[in-house]
Structure formats: structure tokens, C-alpha cells
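Here is a short report on a single chain. It covers salt bridges, a hairpin, a surface patch and model confidence.

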Amino acid sequence: MKSQILMLLLLTPIGWAQSAPDMAAAPHYRQLLANDQGRVFAVTLKPLERTMARHDHNFLVVALLDCDAVIWPEGESDIVNFHFNQGDVRFYSGGHAVGMRNDRTTEYRNVTVEFLNPKVTNYGYQAYRGTWEYGPASIGPPVDPHARFMNSISLGAAAVTDVQLLSRDPFPPPEKPSAELLIPVTDVDLKAGEYERIRKSSGDAVWIPAGRKSVFLNAATDPARFIVIQFTPEAKN
């Protein structure tokens, strides 16, 4: 129930105080990547640390650890704690300043992705209900966390997939030429042929331009879990 309340607050635009900085200037936000699709930030809160940042655009949060944080829209009470499992993906509408505080004795870490295209949204025509409304804002947990899986949600002009590959499992290219943003949840070592390799640590960000044809394999002996955001190409007139 409390997550639904926060979601409603975040989906309802409110004004923010001028003191709330942009993410690029906010404490505990570190920019990893920026291009014409958006910006990517690593967010780390050690025990008892807090931060507040403006979110002008829609954004996505990827939890890197099993962790907890107090999260509140600016102007609301800062008392509600939320639990995140490693690999959790949650989408929020922009137009808010959002505060976070870590009251636990363990570290809180996420990767926050800001979308510059307003067509990246969970608001649209929901065929299963036959009406326009907000659709899913998160990806459900895997049925078997130890197996291979690929679970997705559609966000209009983007699709987000939670991927886990066992050793030597393939990661095929998109069906249509699409730019991809890959966010490792665990350390990953993906290899395609002799020369193509993605070896990154948890919490990094990798931009893959549109047109990838290579099939990457998990070259590690351990499972590799990562989030992939595929950006739908703009239709040509």
C-alpha cells in the first residue's frame, strides 16, 4: 500500500523549492553517462546520509543491492521506508524534487536513468483494460532467481528488460535496430567473437549504439544480471 501511495504522489506534478538541485549537482549523485536520450547517475547513500534532487523528466531507478531507503516527494513527510531487492526496476514520472535518506546500517545504491524523451512513459492505451491509463511501473521478480530469465515492461518509446544469463547463455541483438543502455546489476563479462567484449562492474552504464548484430555470451562462470533499456527508433515520415 505505501508503495502505491508514493507512486500516486510521484505521478502528480508538484512544485519544488529552488533549493532542490538538479541531479548533476545533488549530493551523492554521480553522473555516469549523458547523450541525446538522457542521463545516467550512480546514487550511493551510506548509513545516515540523505539527498534531495530535482527530476525534471521521467526517470527509472535500478536497485543494485538488497537495501532500504526513506523516500519522499519534497513537501511531504519523510517517514516512509521502502525496501528494494537487488535488480528491482521502478519507473517514475518527472516534475518533482525527491528526497532520500538511508536510516539503515548498510549502504543504499541505485542507478537512476533520466529520459529526455517524454514519450518514454507508462501512460498509454492499456489493451487489457481497453482504456488510456497508467500501466505497470515496475518489473515483477523472477520466478526462479537462479535460472535464466528475461522479463520486460514497455514504456512507450522504450522497453526495459531485466536479464539474467547463466554461463555461456546468449544475449541476442534487438529484433529492430535500437540503441541500448546496459546497466550491470552484478559484475558482467559478455563476449562476442574475438574482439567484442563488455566487462563491467555492478552499477556501471554501457551505451550500445543502434545496429548491434552481435550475439553476446556470458563469458563468466557465475550468472550475469543486468538491465537493458532499448530505445524505440523515431518513425520516419
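Arginine 54 has 21% relative accessibility and counts as partly exposed. The class runs between two limits: buried is under 20% relative accessible area and exposed is over 50%, with a 1.4 Å probe and protein chains only. Aspartate 56 is also partly exposed, at 33% relative accessible area. These two residues, aspartate 56 and arginine 54, form a salt bridge with their closest N and O atoms 3.2 Å apart. A salt bridge here is a side-chain nitrogen of Lys or Arg within 4 Å of a carboxyl oxygen of Asp or Glu.

## Basis of the model

This is a predicted model, where local features need pLDDT of at least 70 and side-chain atom pairs count only at pLDDT 80 or more, while totals for chains, interfaces and linings use all residues. Residues are numbered from 1 along each chain as its sequence is written, and side-chain values use heavy atoms, with hydrogens and water left out.

The chain has a mean pLDDT of 90, and 91% of its residues reach 70 or more. pLDDT is the predictor's confidence in each residue, from 0 to 100. Residues 11-17 fall below 50 in pLDDT; in the model this stretch has 18 contacts beyond near neighbours in sequence. A contact means heavy atoms within 4.5 Å.

## Other salt bridges

How many salt bridges does the rule give? The count is twelve. One of them joins the side chains of arginine 39 and aspartate 22, at 2.9 Å from N to O. This pair links distant parts of the chain, 17 residues apart: arginine 39 sits in strand E2 (residues 38-45), and aspartate 22 in the loop between helix H1 (2-11) and strand E1 (29-34). Helices (H or I, at least four residues) and strands (E, at least two) are DSSP runs, numbered from the N terminus. Arginine 39 is buried at 16% relative accessible area. Aspartate 22 is buried at 17%.

Aspartate 189 forms a salt bridge with arginine 199, the closest N and O atoms being 3.6 Å apart. Aspartate 189 lies in strand E16 (residues 188-192) and arginine 199 in strand E17 (residues 196-200), so the bridge ties together parts ten residues apart in sequence. Aspartate 189 is buried at 13% relative accessibility, whereas arginine 199 is exposed at 55%. Elsewhere, salt bridges with shared partners join Arg50, Asp78, Arg101 and Asp103 into one network.

## The E12-E13 hairpin

Strand E12 (residues 149-154) pairs with strand E13 (residues 158-165) in the antiparallel sense, over six bridges. Pairing requires at least two bridges found by DSSP between two strands. Three residues separate E12 and E13 in this hairpin, and glycine 156 in the turn has a positive phi of about 70°.

Phenylalanine 149 stands opposite glutamine 164 in E13. Is glutamine 164 buried or exposed? Glutamine 164 is buried, at 7% relative accessibility. Its contacts, leaving out residues up to four places away in sequence, include Pro145, His146, Phe149, Pro223 and Arg225.

## A nonpolar patch

Tyr123, Tyr125, Trp132 and Tyr134 make a nonpolar surface patch of about 490 Å². Strands E10 (123-126) and E11 (131-134) are the elements that give two or more residues to this patch. Patch residues have over 30% relative accessible area and no salt bridge; like charges are joined within 9 Å, and nonpolar side chains (Val, Leu, Ile, Met, Phe, Trp, Tyr) within 5 Å. Areas come from the Shrake-Rupley method with a 1.4 Å probe; for residues, only the protein chains shown count as cover. Tyrosine 134, in strand E11, is partly exposed at 39% relative accessibility.
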